[in-house]
Amino acid sequence: MKYLALALLFCALASLSDASRCYAKALLPGMTHCQDDSDYTWHPVGSSWRNSECLDCSCTGCCNKFSTPIQFDPDCVSVFDSAACKYIAHKSNDPTQLCPMAQ
């Protein structure tokens, strides 16, 4: 029973974690370019870029670098700003009034 409780605790903590989520891609010998999996754009090996899903990528993989807010005032909402690749929180009845948030 105590192992089940411990496993549930670890799962809860992992879901609140702010760690970057990454995935790796194989870079084959002799490759000079690679294709972005989201935008289907081609990039030279050794370069890095940010794609339309706000992932920071290279030919060997991509990671998200934005944090998901986990705590803000109850009268606020969080919204992802895809132009800036970050979350913002604002009052639910007034989008011009920003709210502080813990990440």
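The model is predicted. It holds five disulfides, three aromatic pairs and three salt bridges.

- Cys54 sits in the loop that runs between strand E4 (48-50) and strand E5 (55-58).
- Cys54 counts as buried because its relative accessibility is 3%, under the 20% limit for that class.
- A disulfide connects Cys54 with Cys85, with an S to S distance of 2.2 Å.
- Cys85 belongs to the loop between strand E8 (76-81) and strand E9 (86-91), whereas Cys54 is in the loop between E4 and E5, so the bond ties together parts that are 31 residues apart in sequence.
- Cys85 has 11% relative accessibility and therefore counts as buried.
- Apart from neighbours within four places in sequence, Cys54 is in contact with Cys63, Asn64, Lys65, Phe66, Phe80, Ser82 and Cys85.
- Of these contacts, Cys85 is the disulfide partner of Cys54, while Cys63 is bonded to Cys22.
- Between the C-alpha atoms of Cys54 and Lys65 there are 7.8 Å, and the two residues are eleven residues apart along the chain.

**Other disulfides**

- Cys22 and Cys63 are joined with their sulfur atoms 1.9 Å apart.
- The torsion about the S-S bond of Cys22 and Cys63 is about 115 degrees, so this disulfide is right-handed.
- The bond of Cys22 and Cys63 links distant parts of the chain, from strand E1 (residues 22-24) to strand E6 (residues 61-64), with the two cysteines 41 residues apart.
- Cys22 counts as partly exposed because its relative accessibility is 48%, whereas Cys63, at 16%, counts as buried.
- Cys34 and Cys59 form a disulfide with an S to S distance of 2.0 Å.
- For Cys34 and Cys59 the torsion about the S-S bond is about -75 degrees, so that disulfide is left-handed.
- Cys34 lies in strand E2 (residues 33-35) and Cys59 in the loop between E5 and E6, so their bond ties together parts 25 residues apart in sequence.
- Cys34 and Cys59 are both buried.
- With the bonded cysteines of the protein chain numbered in sequence order, the pairing reads 1-7, 2-5, 3-9, 4-6, 8-10.

**Aromatic pairs**

- Three aromatic pairs are present.
- In one of them, the rings of Phe80 and Tyr87 have centres 5.0 Å apart and planes at 65 degrees, so the pair is edge-to-face; the cut-off for that class is over 60 degrees.
- Phe80 is partly exposed, with a relative accessible area of 29%.
- Tyr87 is also partly exposed, with 22%.
- Phe66, Phe80 and Tyr87 are linked into a cluster by ring pairs.

**Salt bridges**

- Side chains of opposite charge can pair when their charged atoms come close.
- Lys25 and Asp37 form a salt bridge in which the closest N and O atoms are 3.9 Å apart, against a limit of 4 Å.
- The pair of Lys25 and Asp37 links distant parts of the chain: Lys25 is in the loop between E1 and E2, and Asp37, twelve residues apart from it, is in the loop between E2 and strand E3 (42-44).
- Asp37 is partly exposed, with a relative accessible area of 42%.
- Arg50 and Asp56 meet through their side chains in a salt bridge at 2.7 Å, N to O.
- Lys91 and Asp75 form a salt bridge at 3.0 Å, N to O.
- Lys91 lies in strand E9 and Asp75 in the loop between strand E7 (71-72) and E8, so this bridge ties together parts that are 16 residues apart in sequence.
- Lys91 counts as buried at 16% relative accessibility, whereas Asp75 is partly exposed, with a relative accessible area of 37%.

Definitions and conventions:
Residues numbered from 1 in each chain as written. Predicted model: local features only at pLDDT ≥ 70, side-chain atom pairs only at ≥ 80, totals over all residues. Heavy atoms only, no water. Helix = DSSP H or I, 4+ residues; strand = E, 2+ residues; numbered from the N terminus. Buried < 20%, exposed > 50% of the residue type's maximum accessible area, 1.4 Å probe, protein only. Contact = heavy atoms within 4.5 Å. Disulfide = S-S within 2.5 Å. Phe/Tyr/Trp six-rings, centres within 6.5 Å; stacked < 30°, edge-to-face > 60°.
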